[in-house]
Amino acid sequence: MSILHRASFTVSAARLDQLPPPTTAEVCFVGRSNSGKSSAINVLTNQRRLAFSSKTPGRTRLINLFGIPDPVEPGAFLGFLVDLPGYGYASVAREAREEWADVLGGYLRDRPSLAGIVMLIDIRRGVTELDRRLADWIAPTGTPVLALLTKADKFPYGQRIKAVAAVKKQLADIGALNAMPFSATHRIGLDTAAAQIENWISPKVVP
């Protein structure tokens, strides 16, 4: 069983200073509203409603942490999956969007326990201006990124490969970047994505 399947809700924070101390590896999920972020978290953890998608996209402004328990030490965590607020929904007031951007940018730049970033990009939209802005925050940090091109079942195989190549080219300044097609409903890319995230949280010793 994947260690991700043991994830459970731990804490929510509206501001960075409300987060628990950075003690163990964190893997954050970030993406434009409607990019399929909640669906990805739920399928990766094999839980139907661990992450909630609001009926009104752009409303969820909390940072939600899901702890993965340490099998050896009761009460301790191997690491956390971190659900960051979706960004860029037009119906949200500009001032709120900017405040939100500060929280996202601050977490991505300054969180010392951040081991990896899962960036959700709708394969049909490709890299948007807001995704590019996010990449500009990430690139200087050197944090590795897994770009999941969600809703990949909407494209035939050849088109998926072209979309992945385009994203890799557009986000090339993120040095440690892996991009792949992903579909929560059709489980495309699920095992590969889960293995990458598990390795960030609990690195496997390679001889």
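Analyst: Asp122, Arg124 and Lys151 are linked in a network of salt bridges, a salt bridge being a side-chain nitrogen of Lys or Arg within 4 Å of a carboxyl oxygen of Asp or Glu. This is a predicted model, in which local features need pLDDT of at least 70 and side-chain atom pairs count only at pLDDT 80 or more, while totals for chains, interfaces and linings use all residues. Residues are numbered from 1 along each chain as its sequence is written, and side-chain values use heavy atoms, with hydrogens and water left out.

User: How many salt bridges does the structure hold?

Analyst: One of the salt bridges joins Arg132 to Asp173, with the closest N and O atoms 2.7 Å apart. For the structure, the number of salt bridges is seven.

User: Which residue forms a salt bridge with Glu26, and is Glu26 buried or exposed?

Analyst: Glu26 has a relative accessibility of 2% and therefore counts as buried, where buried means under 20% relative accessible area, exposed over 50% and partly exposed in between, with a 1.4 Å probe and protein chains only. In the salt bridge, the closest N and O atoms are 2.8 Å apart. Because Glu26 lies in strand E2 (residues 25–31) and its partner in the loop between helix H2 (94–110) and strand E5 (114–122), the pair ties together parts that are 85 residues apart in sequence; helices (H or I, at least four residues) and strands (E, at least two) are DSSP runs numbered from the N terminus. The partner, itself buried at 13% relative accessibility, is Arg111.

User: How many residues apart are Asp83 and Lys37?

Analyst: Asp83 and Lys37 form a salt bridge whose closest N and O atoms are 2.5 Å apart. The pair links distant parts of the chain, since Asp83 belongs to strand E4 (residues 77–83) and Lys37 to helix H1 (residues 37–44). Asp83 is buried with a relative accessible area of 4%, and Lys37 is buried with 10%.

User: In what order do the strands form the open sheet?

Analyst: The sheet has seven strands with mixed pairing, two strands being counted as a pair if DSSP finds at least two bridges between them. Strand E1 (8–13) and E7 are the edge strands, each pairing on one side only, and the twist averages 20 degrees from one strand to the next. The order is E1-E3-E4-E2-E5-E6-E7.

User: Which residue in E4 stands opposite Leu65?

Analyst: Strands of a sheet pair through backbone hydrogen bonds, either parallel or antiparallel. Strand E3 (residues 63–69) and E4 pair in the antiparallel sense over six bridges. Opposite Leu65, the residue in E4 is Val82.

User: What volume does the largest cavity have?

Analyst: A cavity is a set of points, on a 1 Å grid over the protein atoms alone, where a 1.4 Å probe fits but cannot get out, and its lining residues have an atom within 4 Å of a point. Grid points are joined across faces, edges and corners, and a volume is the space filled by probe spheres set on the points. The structure holds one cavity of 30 Å³ or more, and the residues lining the largest cavity include Arg32, Leu120, Asp122 and Asp131. The volume of the largest cavity is about 50 Å³.

Methods: Axes fitted to C-alpha atoms, helices over the stretch in contact; angles between N-to-C directions. 1 Å grid on protein atoms, 1.4 Å probe; cavity = no way out; pocket = protein on both sides within 12 Å on 5 of 7 lines; lining within 4 Å.
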